[in-house]
Amino acid sequence: MNDNLPFLRNGKLLIACSGGLDSIVLTSICHTLNLRIGIAHCNFKLRGEESEEDAIFVESMADSIGASFYAKDFETEKYASVNKVSIQMAARELRYEWFSELLNMYQYDYVLTAHHSDDNLETFLINISRGTGIEGLTGIPEINDIYIRPLLPFSRNQILEYAKTNMIKWREDSSNISTKYIRNKLRHQVIPELKSVNPEFLQNFEATLDHIKQANRFVKNQVDRVKKDIFEYLDSEVIKIPIYKLQQYEDPKTYLYFLLKEYGFKAWSDILNILTAQSGKQIFSPKYRLIKDRADLLLSPIPEETSDRNYHINEEENMIMTPAGMLKFKEVTQLSNIDLKTIYVDKEKLKYPLIVRKWKEGDYFYPLGMKGKKKLSKYFKDEKLSLLAKERVWLLCSDQEIVWVIDYRVDDRFKITAQTKNIVKVTITL
């Protein structure tokens, strides 16, 4: 174990120990290697007196080897009910959250768990049954950030033989016998049959897993290369994917799947059809959305709902923070630095309080330098604004009149003239 993970020698290690065979063997090996260890035991209170006896056993073992011991009781069934998750998922979430707390509180470097190659096979089969993608078939990682699985190369039989040879005592979890859970059903009914067909099934599985990992790395490299080729970052949040670039690849829909998978999309039938959908079609993941915008796809986080909010600015205020940015107002005597982020207006034409709001259908203004009024929707079309860009447009208004289409154009009705007596400089910064 130490040869495969040499960095553990100098680390401060927290071992997740249930009291069962695997975690007790892991603890014994770490103690034999003189590693700096602490023991963390979770009591999920699912097996009555048996759970309490497990906790006593692990504490006694930790005391016998002089290791720091941490224990916590969890209301697992209540947590599962409140959060609408399975008991197994509840236990997983509770223990990993607690492990993170212990690491931060006591300055441990890593958490060691006792997963082994049979666990890896069970996880692989579970993921197949759920229809997972290629990443779900790569198995349990030996190193996953702060979580290390030193026993992953070893089988359950090898761990059992080690325990018997070294006369190590452990606790049996009676729930492991039940086939109520899919993992136990695979462990007791399916995997023994597979091993009976081929005694080297587990070794062959490990070899296959290595091939899948290599294939997954290849796919990731290909996806990264395609990203560099076709992803255009319009700003810190919006990514544009030109459809014509995507269609240059032999199988654009497959590439689209791998490009978007990390953003949480699952409605793949809709996503595959978006390439030929009408402009304006949107597809949502929990945190992102994909929009068909003419000849492009636009990927962005789902925005906070701010369209109904108005921001009022009184005459005595000289700055206000809005979703569009920080607006600053200053009376000046002359014009300078005129750009999209700065405008100058005639103060006498303003009616306070000024209002900052989102644009809406039917809005119109008188663009500076142009004759007559123009609907904002027509102005945006002429300016070739994307659907996302239009969503982000905010207006500075005086009463019902638009003073400034922020970041784009000031209204001609508020411009500086020879008769202007007081000039207000308005700027916006992010």
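## Cysteines

Cys397 counts as buried, at 1% relative accessibility; buried means under 20% relative accessible area, exposed over 50% and partly exposed in between, using a 1.4 Å probe on protein chains only. Cys30 is buried too, with a relative accessible area of 0%.

The structure holds 0 disulfides, a disulfide being a pair of cysteine sulfur atoms within 2.5 Å. For Cys30, which is in no disulfide, the nearest cysteine sulfur is that of Cys17, 10 Å away.

## About the model

This is a predicted model, where local features need pLDDT of at least 70 and side-chain atom pairs count only at pLDDT 80 or more, while totals for chains, interfaces and linings use all residues. Residues are numbered from 1 along each chain as its sequence is written, and side-chain values use heavy atoms, leaving out hydrogens and water.

## Helix α10

Helices (H or I, at least four residues) and strands (E, at least two) are DSSP runs, numbered from the N terminus. In α10, residues 252–260, the buried residues are Pro252, Leu256, Leu259 and Leu260. They sit on the same side of α10 because they cover an arc of only 80° around the axis, taken from the directions from the helix axis to the C-beta atoms.

These buried residues pack against α8, α9, α11, β10 and β11, with contact meaning heavy atoms within 4.5 Å.

## Helix α4

How far apart are the end C-alpha atoms of α4? They are 28 Å apart, which agrees with the 28 Å that its 20 residues should span at 1.5 Å a residue; the expected span is 1.5 Å times one less than the number of residues.

Among the buried residues of α4 are Tyr96, Trp98 and Phe99. Packing partners of its buried residues include β1, β2 and α3. Just after α4, Gln107 takes a positive phi of about 55°.
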